[in-house]
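Here are a few exercises to work through with the structure open beside you. Try each task before you read its solution.

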Amino acid sequence: MRGSSLRMTGKIRRKASYISWMRPQDILIPLPAGLCCKPGGFHIDPVRPVERAVITHGHSDHARPGHGAVLATQETLDMMRLRYGDNFARTTQAIRYGEEIQLGDVTIKFHPAGHVLGSAQIAVSCKDLCIVASGDYKDAIDPTCTPFEVVPCDVFITEATFGLPVFRHGNAADEVKKLLASVALFPERAHLVGAYSLGKAQRVIALLREQGYDAPVYLHGAMEAITRYYESRGVALGELRLVRGMKKADLAGTITLAPPQATSDIWTRRFPDPVTAFASGWMRVRARARQRGVELPLVISDHADWDGLTATIEATGAGEVWVTHGQEDALVHWCKARGLAARPLDLVGYGDEEEHEVIAADEAEA
Ligand SMILES: [Zn+2]
Ligand SMILES: [Zn+2]
């Protein structure tokens with residue numbers, strides 16, 4: 001009760017304030033270290049060590065070690081701890097979805113981004129101006145994380161990983177059905193599914209379970225810790241086993257999830273005549289699948305596709321859109337054609353987790 005009355009007070013105060021002279025760039029500005037909020041004294045997803053970092057999600061290009069104070073969801077903090085060890089930051093603070101925190105002269109609030117477990121959009125408000133930094137997001141359903149939430153705002157900062165009209169991801173369940181059909185067709189072969197370790201792999205497993213697949217799912221060793229972590233947060237994934245120590249013949253007819261690069265190296269020799277699959281939004285592009293030697297491309301993405309990006313921009317009601325990491329031009333053009341102010345942010349240092357993943361040396365033979 002007390003929480004809601006506080007929120008009411010906030011709203012009344014905001015309405016009562018007269019015209020703000022604040023411009024969006026006075027609140028957030030792209031700097032080499034990342035998106036900087038000067039009045040709040042923090043950076044969002046900084047790519048260089050900073051005093052105070054506010055982090056959208058656990059992917060390694062957004063969540064880096066070495067900051068002074070880190071504010072993020074509990075899941076994101078835990079993922080950073082898993083990857084970097086206990087001393088990944090000097091201090092940490094967890095924030096829940098819907099919770100508001102005052103930092104300097106701004107108020108920040110976290111909202112679900114639907115990208116991976118614990119992923120958040122960060123709404124930064126100052127006087128009557130609200131900017132939402134959405135990080136990576138998707139509006140498609142995902143049984144492994146809280147659904148994306150549209151946050152009304154004045155300025156929306158969107159990613160553009162799949163910011164071209166050619167990218168329509170379709171239904172992920174249909175892609176998993178393709179995988180199961182192939183398993184049924186080739187019972188003597190193993191199926192090796194390349195999938196990013198944080199988020200994609202767990203989503204593919206959950207989608208398999210939704211289709212009624214109840215056999216054990218096998219994991220590359222590099223995926224064990226993060227997948228167990230998902231389970232510890234209440235994401236049911238059924239029976240999971242490690243490939244390590246399995247006899248080759250016993251892997252016939254099974255499904256294994258592995259980091260994308262492992263599916264094209266000598267690690268695959270332990271599988272009987274493996275069918276190589278890859279779960280990624282890039283699998284919409286046939287040439288990419290061919291280039292990687294992917295026999296069974298599965299179009300499953302943890303990013304919004306073109307329709308998702310444009311529908312989300314419209315739904316936020318934002319009059320201004322800042323486009324970052326990915327294919328900015330088409331989306332900026334789309335916004336301008338609709339009378340929205342739009343510009344690319346030109347932030348550097350953000351990779352494309354659909355495509356790249358580095359496996360630590362000690363995990364390479366796992
Ligand atoms: Zn991401
Ligand atoms: Zn990203």
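**Exercise 1.** Find how the chain is divided into domains and what separates the centres of domain 1 and domain 2.

*Solution.* Start with the separation: in this predicted model, the C-alpha centres of domain 1 and domain 2 lie 31 Å apart. Next, assign the residues: domain 1 is made of 2–166 + 303–355, while domain 2 covers 172–298. Now turn to the contact, to which domain 1 gives 19 residues and domain 2 gives 17 residues. Finally, sort the domain 1 side by class: seven residues are nonpolar, five are polar and seven are charged.

**Exercise 2.** Work out the strand order of the open sheet of seven strands, and explain why one side of S7 and of S19 is left without a neighbour.

*Solution.* Reading across the sheet gives S7-S8-S9-S10-S11-S18-S19, and the pairing is mixed. Strands S7 (100–103) and S19 (341–344) each have a single partner strand, so they stand at the edges with one side lacking a neighbour in the sheet. From one strand to the next, the twist averages 20°.

Now look at one pair inside this order. S11 (residues 155–160) runs parallel to S18 (residues 320–326), and six bridges join the two. To locate one of them, take Val 155, whose bridge partner in S18 is Glu 320.

**Exercise 3.** Is the packing of H4 and H5 roughly parallel or roughly perpendicular? Then list the residues that meet.

*Solution.* First, the geometry: H4 (residues 172–185) and H5 (residues 200–210) have axes 9 Å apart, at an angle of about 80°. Angles from 65 to 115 degrees count as roughly perpendicular, so that is the description of H4 relative to H5. Second, the residues: H4 brings Ala 172, Ala 173 and Val 176, and H5 brings Val 204, Leu 207, Leu 208 and Glu 210. By class, this contact has six nonpolar residues, one charged and no polar.

**Exercise 4.** Over which residues does the pLDDT stay under 50?

*Solution.* Begin with the whole chain: the mean pLDDT is 91, and 90% of the residues reach 70 or more. The pLDDT is below 50 over residues 1–18, a stretch with three contacts beyond near neighbours in sequence. Residues 358–366 also stay under 50, and there the model has twelve contacts beyond four places in sequence.

Notes:
Residues are numbered from 1 along each chain as its sequence is written. Chains are lettered from A and ligands numbered from 1 in the order in which they are written. This is a predicted model: local features need pLDDT of at least 70, side-chain atom pairs count only at pLDDT 80 or more; totals for chains, interfaces and linings use all residues. Two strands pair if DSSP finds at least two bridges between them. Helices (H or I, at least four residues) and strands (E, at least two) are DSSP runs, numbered from the N terminus. Axes are lines fitted to C-alpha atoms, for helices over the stretch in contact, and angles run from 0 to 180 degrees between N-to-C directions. Domain bounds come from an automatic or database domain assignment. Two residues are in contact if their C-beta atoms, placed from the backbone, lie within 7 Å. Ala, Val, Leu, Ile, Met, Phe, Trp, Tyr, Cys and Pro count as nonpolar, Asp, Glu, Lys and Arg as charged, and the others, Gly among them, as polar. Angles under 35 degrees count as roughly parallel, over 145 as roughly antiparallel, 65 to 115 as roughly perpendicular and the rest as oblique. pLDDT is the predictor's confidence in each residue, from 0 to 100.
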